[in-house]
Amino acid sequence: MKLPRVGFLGTGWIGRHRLQAMVASGAVSATALCDPSPECLAAALEIAPDAKPVPSLEAMLDLDLDGLVIATPSALHAQQAIAALERGIAVFCQKPLGRNEAEARRVIAAAQAADRLLGVDLSYRYTAATQAVAKEIQEGRTGPVFAADLTFHNAYGPDKPWFYDRFQSGGGCVIDLGVHLVDLAMWLLGYPAVERVTSRLYANGRPLEPGAGAVEDYAVAHLDLDTGASFRLACSWNLHAGQEAVIEAVFHGPQAAAGFRNIGGSFYDFEAFANNGTARTCLSSPPDKWGGRAAAHWATSLARSTRFDPDVHQVGNVSAILDRIYAPD
């Protein structure tokens, strides 16, 4: 069977990790690699030695690819994705798909017009812990969720300067980390409409005024849903968290609560639990090698069909919520 031919644009750590996951899936052929860093390119060639190094996106698009994986700075995501989709090439893009709702919607519209598969690396959906929480909610053991508490604190900030440039990044910790929390909550609750958003954003301990050039390093937001439910979100970079990361989500229902949390400050190890009064039941625990699961899922989906999946419209809805956190009601 002929495997879909896929190019990888951006082969830094995250790009190489997704390359490794897709190669391991056996669902696609890593055909081309592109990165301005010789070191990153050489490391990627160790994973995919038969792939062809190319100097630019344009050169990659001339290779009659079936798919393109984008792991470049956020400011480039939309234009690179649209360029590929307009050539009839399916796309898997790192989050965020765009720096705002308008950019994300343009990419989704391009995918729909081309009838090509578009995926976004919202990887936390694919942890065993998240899947266990989803099962608790979907099978009714919590009862209707009326509240959620969502947290993602990273004791380190990003190490690349473009993250701190609003034009290049679209924002700070909200678009970097909060996107996962918003996506998870909306996905788990079936994408209800959001009636009201309030938020406070901070930079270096001071409130961030709307339109400021700096990006936020701490954010807290409150979202009220049309179901009557509400959820609280907090995320940050460089917080004095007492450990490397605090990542937790708890969904509260009248019968029980279900949630997950990271273990020992790890970015990778999670446990899921169900709370009933003072009792806690473990639903899942490490080990769980989930990091490349979203990429592998896209690769296997591409092998089945290159056609547009309308579920990606929800990524645009998540982008709209992020815009409202940056400019609250």
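Q: What is the relative accessible area of Tyr 191?
A: Tyr 191 has a relative accessible area of 23%, so this residue is partly exposed. With a 1.4 Å probe and protein chains only, buried means under 20%, exposed means over 50%, and partly exposed lies in between. The model is predicted, so local features need pLDDT of at least 70 and side-chain atom pairs pLDDT 80 or more, while totals for chains, interfaces and linings use all residues. Residues are numbered from 1 along each chain as its sequence is written, and side-chain values use heavy atoms, without hydrogens or water.

Q: Where does Tyr 191 lie?
A: Tyr 191 is in the loop between helix 8 and strand 8 (194–203). Helices (H or I, at least four residues) and strands (E, at least two) are DSSP runs, numbered from the N terminus.

Q: And what is phi of Tyr 191?
A: Phi of Tyr 191 is about 55°, a positive value, although the residue is not a glycine.

Q: What about Asp 64, where is its place?
A: Asp 64 sits in the loop between helix 3 (57–61) and strand 4 (67–70). Its phi is near 55°, which is positive in a residue other than glycine.

Q: Is Asp 64 buried or exposed?
A: Asp 64 counts as exposed, because its relative accessibility is 62%.

Q: Turning to peptide bonds, which residue does a cis peptide bond join to Lys 95?
A: The cis bond joins Lys 95 to Pro 96, with omega about -5°. Pro 96 belongs to the loop between strand 5 (90–93) and helix 5.

Q: And which residue is joined to Pro 286 by a cis peptide bond?
A: Pro 287 is joined to Pro 286 in this way, and omega is about 5°. Pro 287 is found in the loop between strand 15 (279–284) and helix 9 (293–304).

Q: Changing topic, at what angle do the axes of helix 4 and helix 5 cross?
A: The axes of helix 4 (residues 74–85) and helix 5 (residues 101–114) cross at roughly 10° and come within 9 Å. Helix 4 is therefore roughly parallel to helix 5. Axes are lines fitted to C-alpha atoms, for helices over the stretch in contact, and angles run from 0 to 180 degrees between N-to-C directions. Angles under 35 degrees count as roughly parallel, over 145 as roughly antiparallel, 65 to 115 as roughly perpendicular and the rest as oblique.

Q: Which residues make that contact?
A: Helix 4 contributes Ala 78, Ala 81, Ile 82 and Leu 85, and helix 5 contributes Glu 103, Arg 106, Val 107, Ala 110, Ala 111 and Ala 114. Contact means heavy atoms within 4.5 Å.

Q: How do they divide by class?
A: The contact of helix 4 with helix 5 has 8 nonpolar, no polar and 2 charged residues. Ala, Val, Leu, Ile, Met, Phe, Trp, Tyr, Cys and Pro count as nonpolar, Asp, Glu, Lys and Arg as charged, and the others, Gly among them, as polar.

Q: How many cavities of 30 Å³ or more are there?
A: The structure holds 2 of them. On a 1 Å grid over the protein atoms alone, a cavity is a set of points where a 1.4 Å probe fits but cannot get out, a pocket is an open set with protein on both sides within 12 Å along at least five of seven lines, and lining residues have an atom within 4 Å of a point. Grid points are joined across faces, edges and corners, and a volume is the space filled by probe spheres set on the points.

Q: What lines the largest cavity?
A: The lining has 16 residues, and Pro 96, Gly 98, Val 179, Ser 319 and Leu 322 lie nearest the centre. The volume of this cavity is about 110 Å³. Helix 8 (173–188) and helix 10 (313–326) are the elements that give two or more residues to the lining. Helix 10 gives the most, with 6 residues.

Q: What is the volume of the second largest cavity?
A: The second largest cavity has about 50 Å³ of space. Its lining includes Thr 127, Tyr 268 and Trp 290, and divides into 5 nonpolar, 3 polar and 2 charged residues.

Q: What about the largest pocket, how many residues line it?
A: The largest pocket is lined by 46 residues, with Trp 13, Ile 14, Gln 94, Phe 163 and Asp 176 nearest its centre. Its volume is about 1400 Å³. By class, the lining has 22 nonpolar, 17 polar and 7 charged residues.
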